[in-house]
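Trainee: I would like to learn how to read a structural model feature by feature. Could you take me through one?

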Amino acid sequence: MKQRARSFASGRVWLIGAPLLVIVAMACQNVAWPDTETAIVIPAPQEDEVPGKAHLETAVFAGGCFWGVQGVFQHVKGVTSATSGYTGGKARTANYPTVSMGMTGHAESVEVIFDPHKVTYGQLLQIFFSVVHNPTELNRQGPDYGPQYRSTLFPMSESQENVAKAYIAQLNNSHRFSAPLVTTVEENAHFYPAEKYHQNFLNDNPDYPYIVINDLPKVEQLKTLFPALWQSEPTRVKG
């Protein structure tokens, strides 16, 4: 397999030579920073949604490379779907080569569909802030940097927005993190699914160096810190 890189203002894009002469633009670098993130034990949100009659709810999270974000949420009980994609920009720019330039307004994100009777939005937020990423890093996560890797929540309802803002304030007041959270809450954003080759990337490529170094530890941390919400079989994107 051949590998070459092109540098952009927003970071580095890796192009991987794949079988059948298909050139795939990969979203995340094949390296790791020395200070690869580790999970932080944080309190549960004091304010959370009360499950209603609906058994499916949608939430969108952005916390760095979507491979790891998707991979973690795919192992959470009550999650029926976790899809990698782009949120925050226009439909015409919702593709990897354009988003990688860092000037579209999009963030690499994951749309999570879940059963609020099995896992609440607040519990998903707790996993997001504790395990999925480091919410104190501005426009970067680990080896990936640029606004497309920002820490952002895209609430799908007023209820989600209220819970998200209250939890960010609660975590800042708890001083569990070494610096203030930089996570933003962005409204009126549309989610666009990413290309097929990005879906299920962690589960399809567990030996890929970036995944081994940066993302598999997060999956293990989910299992350790949230055993009641852990499921061994991931919920995969189909099709």
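The dialogue below goes from the overall fold to single residues.

Mentor: Please keep in mind that this is a predicted model, in which local features need pLDDT of at least 70 and side-chain atom pairs count only at pLDDT 80 or more, while totals for chains, interfaces and linings use all residues. Residues are numbered from 1 along each chain as its sequence is written, and side-chain values use heavy atoms, with hydrogens and water left out.

Trainee: Which residue does UniProt list for "active site", and where is its place in the chain?

Mentor: The unreviewed UniProt entry lists Cys 65 under that heading; UniProt positions are given in the numbering used here, feature names are shortened, and annotations may be inferred rather than shown by experiment. Cys 65 is in the loop between β4 (57–63) and α1 (66–73), and it is buried, with a relative accessible area of 5%.

Trainee: Is the helix α1 buried or exposed?

Mentor: In α1, 8 of the 8 residues are buried, so this helix is largely enclosed by the rest of the structure. Among them are Phe 66, Trp 67 and Phe 73.

Trainee: What does Gln 126 touch?

Mentor: Gln 126 is found in helix α3 (residues 121–132) and is buried at a relative accessible area of 12%. Leaving aside residues up to four places away in sequence, Gln 126 touches Ile 42, Pro 43, Ala 44, Pro 45, Tyr 167 and Phe 226.

Trainee: How many salt bridges does the structure hold?

Mentor: A salt bridge is a side-chain nitrogen of Lys or Arg within 4 Å of a carboxyl oxygen of Asp or Glu, and the structure holds 5 of them. In one, the side chains of Arg 150 and Glu 186 meet at 2.8 Å, N to O. This pair links distant parts of the chain, 36 residues apart, with Arg 150 in the loop between β8 (144–145) and β9 (151–154) and Glu 186 in the loop between β10 and β11. Arg 150 is buried at 12%, whereas Glu 186 counts as partly exposed at 21%.

Trainee: What about salt bridges within a helix?

Mentor: An α-helix has 3.6 residues a turn, so residues three or four places apart point the same way. Glu 161 and Lys 165 meet in a salt bridge of 2.8 Å, N to O, and they are separated by about one helical turn because they are 4 residues apart in helix α4 (residues 158–174).

Trainee: How many cavities does a search of the whole structure find?

Mentor: Rolling a probe the size of a water molecule over the atoms shows where empty space is left. On a 1 Å grid over the protein atoms alone, a cavity is a set of points where a 1.4 Å probe fits but cannot get out, and lining residues have an atom within 4 Å of a point. Grid points are joined across faces, edges and corners, and a volume is the space filled by probe spheres set on the points. The search finds 2 cavities of 30 Å³ or more, and about 80 Å³ of space lies in the largest cavity. The largest cavity is lined by 12 residues, of which Gln 141, Asp 144, Tyr 210, Asp 215 and Lys 218 lie nearest its centre. Helix α6 (residues 209–225) gives the largest share of that lining, 4 residues. Asp 215 and Lys 218 also meet in a salt bridge (3.8 Å, N to O), and both are buried.

Trainee: Which phi does Asn 188 have?

Mentor: Most residues other than glycine have a negative phi, and most peptide bonds are trans. Asn 188 has a positive phi of about 55° although it is not a glycine, and at 79% relative accessibility it counts as exposed.

Notes. Helices (H or I, at least four residues) and strands (E, at least two) are DSSP runs, numbered from the N terminus. Buried means under 20% relative accessible area, exposed over 50%, partly exposed in between (1.4 Å probe, protein chains only). On a 1 Å grid over the protein atoms alone, a cavity is a set of points where a 1.4 Å probe fits but cannot get out, and a pocket is an open set with protein on both sides within 12 Å along at least five of seven lines; lining residues have an atom within 4 Å of a point. Contact means heavy atoms within 4.5 Å.
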